[in-house]
Amino acid sequence: MAERFDRIWHNARLATMRADRPDLGEIERGVIAARGGHILYAGGAADFPADADAIERIDCEGRWITPGLVDCHTHLVYGGNRAHEFELRLKGASYEEIARAGGGIVSTVAATRKASEAELVASALPRLDALIGEGVTTVEVKSGYGLDAETEMRQLSAARSLGRHRPVAIRTSFLGAHALPVEADGDKDRYIDLVCKEMLPAVAKAALADAVDAFMEGIAFSAEQTARVFEAARVLGLPVKLHADQLSNLGGAALAAKFSALSADHLEHTDEAGAAAMARAGTVAVLLPGAFYFIRETQKPPVEAFRKHGVPMALATDCNPGSSPLTSLLLAMNMGATLFRMTVAECLAGVTREGARALGVLDEAGTLEAGKWCDLAIWDIERPAELVYRIGFNPLHRRVWRGK
């Protein structure tokens, strides 16, 4: 008796993104068959049973199918915006001047603290819709604009709620160690005590976070303070991620590797020793060209060192109100290629396979192969390079999430 599927997509060209296949893992005459929201077959038409049955058969008419895209680093949930500060910067105001006037992250924290969960969800949905409209099926969302237990948990709860409002997989990261709140009076150690002993346990008890993140930088937290947060996360059984080496090299990549972090992100100032440590630990390098562009950085991440040592590279939008108000993963790919000289294959892997790896969900997303969720992006393109090459153009034909 012929096997019966929910849906079969045929007459397609597949970019499977499987690591065990060369380049993009292309299959020219491809078929995908799914049941129960999972892929049961993704391969060549010649090897697919001719008598296979399905509730629905979709003729892709030669279109390309990739895995659904993964945006593995966003700050999607926050209150207010910083457009006025952008105007001030264009007129010559420095970040320090804006911060002294109550701007910068302090203004976002104030707006986020005032916002209800419903208001945070409502303001985040248009940003999420922009990502979904480009074929994104998995999105990571960080907290970090509350800097107190109540607001951090409200941010994370709002992020979780996004996945109930839209057909998308949401992964959350607790970023309490993002910046120092005004009420801390400059005492970073006391604030880190609060993060480790009160905020993080409360977040873990409520099961609101899939990972724990921190910002290790001169303007944020030291290696010792970051390590304390990571030790607390380890005790609670939560994996870690790190904003590392963005503005200076304080050894963030090496520290992330020491704690077997899922990813280290930004990495503009990472040295070769840091890249080697990440390779040994299996830590993904998440590159964020939107922030590099928006704040006019000049130091590029060491892509060649990551290649040399075999460090997986992901790409993400870093969508946030202050340094990367970007809601296009397609544009992030073009930026990764243009600004960082990443190849087409690296860019596409960066928003599929390696993005999933950076979130610890590679066993269920990021490639087209049997057993994974049937999350697909179907494109009106002649070749996959178009997804990286074109600017301001969205060739998505159809997005499939969980087989529907």
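A: The second largest pocket holds about 170 Å³ of space. A pocket here is an open set of points on a 1 Å grid over the protein atoms alone, with protein on both sides within 12 Å along at least five of seven lines, and its lining residues have an atom within 4 Å of a point. The volume is the space filled by probe spheres set on the points, which are joined across faces, edges and corners. The model is predicted, so local features need pLDDT of at least 70 and side-chain atom pairs pLDDT 80 or more, while totals for chains, interfaces and linings use all residues. Residues are numbered from 1 along each chain as its sequence is written, and side-chain values use heavy atoms, without hydrogens or water.

Of the 16 residues lining this pocket, Y78, R82, N320, P321 and P325 are the closest to its centre. Helix 1 (residues 83-90) gives the largest share of the lining, four residues. Helices (H or I, at least four residues) and strands (E, at least two) are DSSP runs numbered from the N terminus.

Turning to charge, the model has 27 salt bridges, each a side-chain nitrogen of Lys or Arg within 4 Å of a carboxyl oxygen of Asp or Glu. One of them joins R402 and D375 at 2.7 Å, N to O. R402 lies in the segment after strand 15 (396-400) and D375 in the loop between helix 14 (353-358) and strand 14 (376-379), so the pair ties together parts 27 residues apart in sequence. Buried means under 20% relative accessible area, exposed over 50%, and partly exposed in between (1.4 Å probe, protein chains only). R402 is buried at 18%, and D375 is buried at 5%.

R353 and E354 also form a salt bridge, at 2.7 Å, and both residues are buried. In the salt bridge of R390 with E386, the N to O distance is 3.8 Å; R390 is partly exposed at 33%, whereas E386 is buried at 16%. A network of salt bridges links R18, D20, E369 and K372.

E134, in the loop between helix 4 (117-132) and strand 7 (136-142), is buried but has no salt bridge, and the nearest side chain of opposite charge, R399, is 11 Å away. For charge, Lys and Arg count as positive and Asp and Glu as negative; His and the chain ends are not counted. The E134 side chain does reach the backbone nitrogen of L329, at 3.0 Å. Contacts of E134 (heavy atoms within 4.5 Å) include L69, S328, L330, W379 and N394, leaving aside residues up to four places away in sequence.

Key. A polar contact is a pair of N or O atoms within 3.5 Å; within protein, one must be able to donate a hydrogen and the other to accept it, and residues adjacent in sequence count only if both atoms are side-chain atoms. On a 1 Å grid over the protein atoms alone, a cavity is a set of points where a 1.4 Å probe fits but cannot get out, and a pocket is an open set with protein on both sides within 12 Å along at least five of seven lines; lining residues have an atom within 4 Å of a point.
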